Amino acid sequence: MHNPEALAVAWVQSLLAKVRLCASLAVDMPANQSPHLFSAEVLARADALVAQYPERGSAVLPLLHLAQEAQGWVSDAAIEWVAGKTGFAPVEVLGVVTFYPMFRREPCGRRHVRVCRTLSCALRGAYATMEALEGEFGVKCGATSADGAVTLEFVECLAACGSAPVVQVDHALHEGVTADRVPALASALRASLGDADYGKKKTIPDSPEWNG
Ligand code: FES
């Protein structure tokens, strides 16, 4: 059972961290100032996304996906950038980022490896798949390997339950990845590290979605 006092302290610390973030954003980056985080191509894609919505605030999720695609994670500066593009306060964008588990708040490895652990995948060996990946890359689930090659994480259903167990690497789905198939996947991942386009998400023309 959780200690109520410890929970209260944790809640206050979390609140203070958010207040400090807002204060730093307000001081360091005036509203609507681009932190020049992104390439001209990414900025053009962002403008095109915002233009697709009657209300610019509706573009908050696609813009966060775009920021994460470009940076590999959603930094404080990216939050400020999205806030400037959408008219939200940075703390409101932070609330969106922290609500959805697909957004990362810290840098990850060059390959983001996510193993589904929901029922179908769990029954078909997802935990053994993760153990095999941990052994291959010498890193525990939830962490990034020392060489920065991969970050391993469990996620919930990836909507390919019929092909369980399923592993998503960046935006590429690998189906039927039982533990015995992990060495082949790991070799392919190591070979892909120099490929800048591996698993890259593609924009669907005229669509606000970010489906790969
Ligand atoms: S349970 Fe793993 S993809 Fe649905």
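1. A word on terms before we start: a helix axis here is a line fitted to C-alpha atoms over the stretch in contact, and angles run from 0 to 180 degrees between N-to-C directions. Helices (H or I, at least four residues) and strands (E, at least two) are DSSP runs, numbered from the N terminus. With that in hand, look at helix 7 (residues 126–137) and helix 8 (residues 182–192), whose axes come within 10 Å and cross at roughly 45°. Angles under 35 degrees count as roughly parallel, over 145 as roughly antiparallel, 65 to 115 as roughly perpendicular and the rest as oblique; helix 7 and helix 8 are therefore oblique to each other.

2. Please keep in mind that this is a predicted model, in which local features need pLDDT of at least 70 and side-chain atom pairs count only at pLDDT 80 or more, while totals for chains, interfaces and linings use all residues. Residues are numbered from 1 along each chain as its sequence is written.

3. For orientation, the chain has eight helices and four strands. Reading from the N terminus, the order is α-α-α-α-α-β-α-α-β-β-β-α. Of the 212 residues, 24% are buried (20 or more other C-beta atoms within 10 Å of a residue's own; 12 or fewer is exposed, in between is partly exposed; C-beta atoms are placed from the backbone). Taking contacts (C-beta atoms, placed from the backbone, within 7 Å) between residues at least 6 apart in sequence, 61% link residues at least 24 apart.

4. The four strands make an open sheet with mixed pairing, in the order 2-1-3-4 (strands pair if DSSP finds at least two bridges between them). Strand 2 (150–155) and strand 4 (172–174) are the edges, each pairing on one side only. From one strand to the next, the twist averages 20°.

5. What is its burial like? Five of its six residues are buried, so strand 1 is largely enclosed by the rest of the structure. Strand 1 pairs with strand 2 in the parallel sense over six bridges, and His112 has Thr151 in strand 2 as its bridge partner. Strand 1 (residues 111–116) runs antiparallel to strand 3 (residues 167–169), and three bridges join them. Here Val113 stands opposite Val169, and Val115 is partnered by Val167.

6. Leu66 is buried, with 24 other C-beta atoms within 10 Å. Leaving aside residues up to four places away in sequence, Leu66 touches Val42, Arg45, Ala46 and Leu49. The C-alpha atom of Leu66 is 9.9 Å from that of Ala78, twelve residues apart along the chain.

7. Helix 4 (residues 76–86) and helix 5 (residues 90–99) pack with their axes 8 Å apart, at an angle of about 115°; the two are therefore roughly perpendicular. From helix 4, Ile79, Glu80, Val82 and Ala83 meet Pro90, Val93, Leu94 and Val97 of helix 5. By class, this contact has seven nonpolar, no polar and one charged residues (Ala, Val, Leu, Ile, Met, Phe, Trp, Tyr, Cys and Pro count as nonpolar, Asp, Glu, Lys and Arg as charged, and the others, Gly among them, as polar).

8. Back to the opening pair. Which residues make the contact of helix 7 with helix 8? On helix 7 they are Thr129, Ala132, Leu133, Glu136 and Phe137, and on helix 8 Val182, Pro183 and Ala186. These divide into six nonpolar, one polar and one charged.

Methods:
Two residues are in contact if their C-beta atoms, placed from the backbone, lie within 7 Å.
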